[in-house]
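Dear colleague,

I am handing over the structure we spoke about, and you will find it directly below. My notes on what was found in it follow after that.

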Amino acid sequence: MAQDTRASPERSLQRSAKVVYIVEKKHSRAATGFIKLLADKNSELFRKYALFSPSDHRVPRIYVPLKDCPQDFMTRPKDYANTLFICRIVDWKEDSNFALGQLAKSLGQAGEIEPETEGILTEYGVDFSDFSSEVLECLPQNLPWTIPPEEFSKRRDLRKDCVFTIDPSTARDLDDALSCKLLADGNTYEVGVHIADVSYFVPEGSELDQVAAQRATSVYLVQKVKISLWFLGLKNVLLFNLIPFF
């Protein structure tokens, strides 16, 4: 006999709700996957769309216009069976199991590290584009940069101390370091943790500050230099390091 839920305690009931408004779309609505012809060759859809199958099965299958596909896709579909594409969802009707999308880019062969990496970065909305000229103008233009004299009165000068980082030889930004020294009493050690003062070069509200806020973090990759939160050109890399300026 079914239980009457109206008599059950409130804590045992399944609460429900509904979405009333989308404040901001955070997902990139992009997916990597493969394209193929629709199964029903006699349908109207077959003459207009191809089927995009995302690698991530949480993303719905997507109809993409044939005009977005390679020119010879209709006649040689098997040539693209192992080609990774980026597709962006543009619409998804409530009464359809398939979303509508646009092919954004052909990445290359599935299983190769560069196409797979670019696909992951795009799917997760990682900005790996070049920094704009407005961002670069936020950094000191006259290099090599030297510490302004007035800064010495505000800071403790530790350039003569033994301060070291724990990094591989390929590291570019040595932005945190350690020190350890025996104090005068002969029994106590002072351990120092040293962090680069990046904020000195990043005025609040500047173009560089806004880009850093959008990127939120640096992204480390297996096969290449990391995608940095900050611009780290060969000339500017020293600005965000603990390498002493003499």
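**Cysteines, cores and rings**

C162 is exposed, with 61% relative accessible area, in a model that, please keep in mind, is predicted. The sulfur of C162 has its closest cysteine sulfur in C180, and because the two are 9.4 Å apart, they are too far from each other for a bond. C69, by contrast, counts as buried at 8% relative accessibility, yet its sulfur lies 9.3 Å from the closest cysteine sulfur, that of C87, which is again too far for a bond. Against a cut-off of 2.5 Å between the sulfur atoms, the structure holds 0 disulfides.

As to the overall layout, the protein chain has 246 residues, of which 31% count as buried, and it contains 3 helices and 8 strands. Read from the N terminus, the order of these elements is β-β-β-β-β-α-α-β-β-β-α.

The largest nonpolar core comprises 16 residues, and the members that touch the most others are I35, F52, I62, V64, C69, F73 and L103. Two or more residues each are given to this core by β1 (30-36), β2 (49-54), β3 (62-65), β4 (83-91) and β5 (99-109), with the largest share, 3 residues, coming from β4. For V64, leaving aside residues up to four places away in sequence, the contacts include I35, F52, C69, C87 and L103. There is also a second, separate core of 8 residues, among them V198, V202, L208 and V211.

Turning to the rings, the structure holds 4 aromatic pairs. One of them, formed by Y63 and F98, is stacked, with 4.8 Å centre to centre and 25° between the planes. Since Y63 lies in strand β3 and F98 in the loop between β4 and β5, this pair ties together parts that are 35 residues apart in sequence. Both Y63 and F98 are buried. The pair of Y200 and F201 is edge-to-face, because the planes of the two rings stand at 85° while their centres are 5.0 Å apart; of these two residues, Y200 is partly exposed at 34% relative accessible area, whereas F201 counts as buried at 7%. Finally, ring pairs link Y49, Y63 and F98 into a cluster.

With best regards

Technical notes: Residues numbered from 1 in each chain as written. Predicted model: local features only at pLDDT ≥ 70, side-chain atom pairs only at ≥ 80, totals over all residues. Heavy atoms only, no water. Helix = DSSP H or I, 4+ residues; strand = E, 2+ residues; numbered from the N terminus. Buried < 20%, exposed > 50% of the residue type's maximum accessible area, 1.4 Å probe, protein only. Core = buried A, V, L, I, M, F, W, Y, C linked by side-chain atoms within 4.5 Å. Contact = heavy atoms within 4.5 Å. Phe/Tyr/Trp six-rings, centres within 6.5 Å; stacked < 30°, edge-to-face > 60°.
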